[in-house]
Amino acid sequence: MLTGMKITEAVDGLRQKKFSAEELTKAHVNAINTLNDRINAYITVTADAAIEQAKAADQKLAAGDAPALTGIPLAIKDLFCTKGVKTTAASRILENFVPPYESTVTANLLRDGAVFLGKVNLDEFAMGSGNLNSAFGAVENPWKRQGEDTFLVPGGSSGGSAAAVAAQMAMGATGTDTGGSIRQPAAYCGITGIKPTYGRCSRWGIIAYASSLDQAGPMGKSVEDCAIVLQSMAGFDPKDSTSVDKEVPDYRAACNRSLKGMKVGIPMEYRAPGLSPEIEAVWQQGINWLKEAGCEIVDVSLPHTKYGLATYYIIAPAEASSNLARYDGVRYGRRVEGASLDELYANTRGAGFGDEVKRRILMGTYVLSAGYYDAYYLRAQKVRKLIYQDFMNVFDKVDVLLTPTAPTAAFAKGENQEDPVQMYLNDIFTVPASMAGVPGLALPAGLSSQGLPLGLQLLGRPFGEETLFAVGSAMEKAANFTHKPTLRAGGSL
Ligand code: GLN
């Protein structure tokens, strides 16, 4: 089945003329047509444009002038502006927004020949951990608990990206990660994803959530697939002042590096309360695999981890409240008229934003307000520096850290939602790396007793993506995770 392949296999198959790019894209469009009504991964499907792009890819392949991703069908998180294609951020306020420009990351992918199948669902403005906050409805995780048909969440905010890849409705996807939005959905859907170092991929043209944390990255079926896609997404961009002018290494080559003599840190603070015993067992399994691969295991401490969530949920809403001030109904997006300008703002924002977005704007405005700025925002920034320093201290001693990605497997719609804070607790293992700006790779490592994927996370030094790809590849071989979800192209609905 064409939709069952990895990108590495498709790249070879296309070049050996085993199938055409048009066939490959059409197979994915068929999968979307069959599955999307149920899974709701795509907000917008651009099937006709995709088939045109695929035909152009076939011509390039025939001419022997085909860059790395020629003819590879991808799903794009609906937070990346795509020229002439509706970009909603899963919000009513941008319901009919058609950007006149292309984000740098998606432009890079197009330059390298990728085919875009459409725009995929997310939590509104990337705020959430279950993809339950989308104005276009929840996304169903293609995985099921054994013998049950309960609706499980795909994780968030890049839930549409993760579900699309897991259900074989795309070969890979773009995601963004502000506090875990690539890594946690990857874990819940049994796929791989990497949040690169802050500054590695340009943020230009990505709808902003929290600018000092937002980072784009790939989600895919294997470590090597992610390496190939990141290779294309990454790079310096003068249009993003925080993009770093550093050469992009050969990530694919890094996947084959030996791990001999490498030091792997196990941070004791990640043995947190609420960690499922099954995930703890998978974590131990991961430690054993890396030992067998020749790594030395070192216990380390990141003492400020315990402040990660509290400070993240000050800084991210603060930046969000400022970034979202631009949605005022005046220049673009939805407008709801009012008798005065103030009323127009209030009506527009009242109707355009969902509850979670409003909650974040309220929190953010509060922590930035004159009387509380020093007590909350400024103090959180100081603690953030300490969290960063923790990582730098341990990276003097070890090359990489191994941790769980999320405290549990995918949860059901309705669970974890008694109050908003409970949802925030999901991000406990992913937020610290975001606060420090260091790269993190999530990959599937085992199944729960209920048959759901469980993920592990590797954290590296700033711009240490190659190490993550090397260690991740070795773990992937050892884990040999070949399980597939119930809902997928060719699977049984
Ligand atoms: N779940 C986190 C939040 O709601 C992270 C989201 C993200 O990384 N975009 O803020």
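Where in the chain is Lys17 found? In this predicted model, Lys17 occupies the loop between helix H1 (7-15) and helix H2 (21-39).

## Backbone features

The phi angle of Lys17 is near 60 degrees, a positive value in a residue other than glycine. Lys17 has a relative accessibility of 56% and therefore counts as exposed, the cut-off for that class being over 50%.

A positive phi is also found at Asn131, where the angle is near 55 degrees; this residue, too, is not a glycine. Asn131 is placed in the loop between E3 and H5. Its relative accessibility is 0%, so Asn131 counts as buried. The loop between E3 and H5 also holds Ser157. A cis peptide bond joins Gly156 to Ser157, with omega at about 5 degrees.

## Aromatic pairs

The count of aromatic pairs in the model comes to 17. In one of them, the ring centres of Phe125 and Phe353 are 6.0 Å apart, and the planes of the two rings stand at 70 degrees. The pair is classed as edge-to-face because angles over 60 degrees fall in that class. Phe125 belongs to the loop between strand E3 (115-120) and helix H5 (159-166), while Phe353 belongs to the loop between helix H11 (341-352) and helix H12 (355-368). The pair thus links distant parts of the chain, 228 residues apart. Phe125 is buried, with a relative accessible area of 0%, and Phe353 is buried with a value of 5%. Both rings belong to a cluster linked by ring pairs, made up of Phe97, Phe125, Tyr327, Tyr332 and Phe353.

A further pair is formed by Tyr251 and Phe469, whose ring centres are 5.3 Å apart and whose planes are at 55 degrees, so the pair is tilted. Tyr251 lies in helix H8 (residues 251-254) and Phe469 in helix H16 (residues 465-479), so this pair ties together parts that are 218 residues apart in sequence. Tyr251 counts as buried, at 0% relative accessibility. Phe469 is likewise buried, with a relative accessible area of 0%.

## Charges over rings

Two lysine side chains are described here in relation to aromatic rings. The charged end of Lys239 sits over the ring of Trp204, at 4.0 Å from the ring centre. The charged end of Lys413 sits over the ring of Phe151, and the distance to that ring's centre is 4.5 Å.

## Helix packing

Which residues of H7 meet H16? Val223, Cys226, Ala227 and Leu230 in H7 meet Glu465, Phe469, Gly472, Ser473 and Glu476 in H16. Helix H7 (residues 223-233) and H16 have axes 9 Å apart and pack at an angle of about 155 degrees. H7 is therefore roughly antiparallel to H16, a class that takes in angles over 145 degrees. By class, the residues of this contact divide into five nonpolar, two polar and two charged. Phe469, one of the H16 residues in the contact, is also the ring partner of Tyr251.

Helix H10 (residues 308-323) and H12 pack with their axes 7 Å apart, at an angle of about 100 degrees. This angle lies in the range of 65 to 115 degrees, so H10 is roughly perpendicular to H12. From H10, the residues Tyr313, Ile314, Pro317, Ala318 and Ser321 take part. They meet Arg360, Ile361, Met363, Gly364, Thr365, Val367 and Leu368 in H12. The contact of H10 with H12 has eight nonpolar, three polar and one charged residues.

Is Pro99 buried or exposed? Its relative accessibility is 1%, and Pro99 therefore counts as buried, since the cut-off is under 20%. Pro99 is found in the loop between strand E2 (73-77) and helix H4 (104-111).

Leaving aside neighbours within four places in sequence, Pro99 is in contact with Cys81, Thr82, Lys83, Gly84, Val85 and Thr87. The C-alpha atoms of Pro99 and Phe80 are 9.6 Å apart in space, and the two residues are 19 residues apart in sequence.

Methods. Residues are numbered from 1 along each chain as its sequence is written. This is a predicted model: local features need pLDDT of at least 70, side-chain atom pairs count only at pLDDT 80 or more; totals for chains, interfaces and linings use all residues. Side-chain values use heavy atoms; hydrogens and water are left out. Rings of Phe, Tyr and Trp (its six-membered ring) pair if their centres lie within 6.5 Å; planes under 30 degrees apart count as stacked, over 60 as edge-to-face and the rest as tilted. Helices (H or I, at least four residues) and strands (E, at least two) are DSSP runs, numbered from the N terminus. Buried means under 20% relative accessible area, exposed over 50%, partly exposed in between (1.4 Å probe, protein chains only). A charge sits over a ring if NZ of Lys or CZ of Arg is within 6 Å of the ring centre and within 35 degrees of the ring normal. Contact means heavy atoms within 4.5 Å. Axes are lines fitted to C-alpha atoms, for helices over the stretch in contact, and angles run from 0 to 180 degrees between N-to-C directions. Angles under 35 degrees count as roughly parallel, over 145 as roughly antiparallel, 65 to 115 as roughly perpendicular and the rest as oblique. Ala, Val, Leu, Ile, Met, Phe, Trp, Tyr, Cys and Pro count as nonpolar, Asp, Glu, Lys and Arg as charged, and the others, Gly among them, as polar.
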